[in-house]
Amino acid sequence: MYKLIISCNDKKVDEVVLRREAVTVGRRKDNDIRLDDNTVSGHHAQFSITDDKVYVEDLGSTNGTYVNGQRVEARALEDGDVVIIGKHKFTVRARTEESRADLADPTLQIETRELERLLASAQQAMSGRHGRKVLNWIAQDPRGAWWGFEHQPHPDEHGWVDARNGVRILLKEDARPAPNWRETLQKI
């Protein structure tokens, strides 16, 4: 298992554990990792895992994808490699067996009633914060992942888009694609 440590201007921005076969990076909202950077293409690059190895592939970007200073189309990555996408550095770290045990499983299966109870509890906690709840809608995307939205999203060819650019939270990742994902939108 691998993780990416993302930095910009020598400051750590985020840390992403690669749990899925493919993770896209780019400027558009439908990417798994969205970079607000004009030097990054809409769909710039993709990290993927095959046979316990992590790869990066440039998706035809304008400014290119660099590994350890060399422009690449696609390349297998090793622990410590640095991938440059626009102004952002992605440092690849291999996770050891010990650190895997410390990693919490993000896929929690709960029944609808329990989800409603948790959301009601969150709403109570948020009532002092401008009197609004963060998640008002939930829906599944074509890859099978469940998302929570502040505003009602609408579907496009890649998944759900919130035109008002509200809060979007990944709730659960399923391992299978969802052929009827457009029918999963629910108001909560």
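**Close-up views of a predicted model**

View 1. Strands of a sheet pair through backbone hydrogen bonds, and the pairing can be parallel or antiparallel.

**View 2. Strands β10 and β11 within the sheet.** Strand β10 covers residues 82-85 and strand β11 covers residues 88-94. Four bridges join the two strands, which pair in the antiparallel sense. Ile 85 has His 88 in β11 as its bridge partner.

View 3. Strand β5 (residues 45-50) runs antiparallel to β6, and six bridges join them.

View 4. Strand β6 spans residues 53-58. Which residues make up its covered face? They are Val 54, Val 56 and Asp 58, while Lys 53, Tyr 55 and Glu 57 make up the uncovered face. Strand β6 also pairs with strand β9 (residues 74-77), in the antiparallel sense and over four bridges. Val 54, from the covered face, has Leu 77 in β9 as its bridge partner.

**View 5. The largest nonpolar core.** This core has 21 residues. The members that touch the most other members are Ile 33, Phe 47, Val 56, Leu 77, Val 83, Ile 85 and Phe 90. At least two residues of the core come from each of β1 (2-8), β2, β3 (22-26), β5, β6, β10 and β11. Which strand gives the most to this core? Strand β1 does, with three residues.

**View 6. The surroundings of Phe 90.** Neighbours within four places in sequence are left aside here. Phe 90 is then in contact with Leu 4, Ile 5, Ile 6, Val 25, Ile 33, Leu 35, Phe 47, Asp 81, Val 82, Val 83 and Ile 85. Among these contacts, Ile 33, Phe 47, Val 83 and Ile 85 are, like Phe 90 itself, in the group of core members that touch the most others.

**View 7. A second core.** Eight residues form a second, separate core. Its members include Trp 137, Phe 149, Trp 160 and Trp 181.

Definitions and conventions. Residues are numbered from 1 along each chain as its sequence is written. This is a predicted model: local features need pLDDT of at least 70, side-chain atom pairs count only at pLDDT 80 or more; totals for chains, interfaces and linings use all residues. Side-chain values use heavy atoms; hydrogens and water are left out. Buried means under 20% relative accessible area, exposed over 50%, partly exposed in between (1.4 Å probe, protein chains only). Two strands pair if DSSP finds at least two bridges between them. A nonpolar core is a set of buried Ala, Val, Leu, Ile, Met, Phe, Trp, Tyr and Cys residues joined through side-chain atoms within 4.5 Å. Contact means heavy atoms within 4.5 Å.
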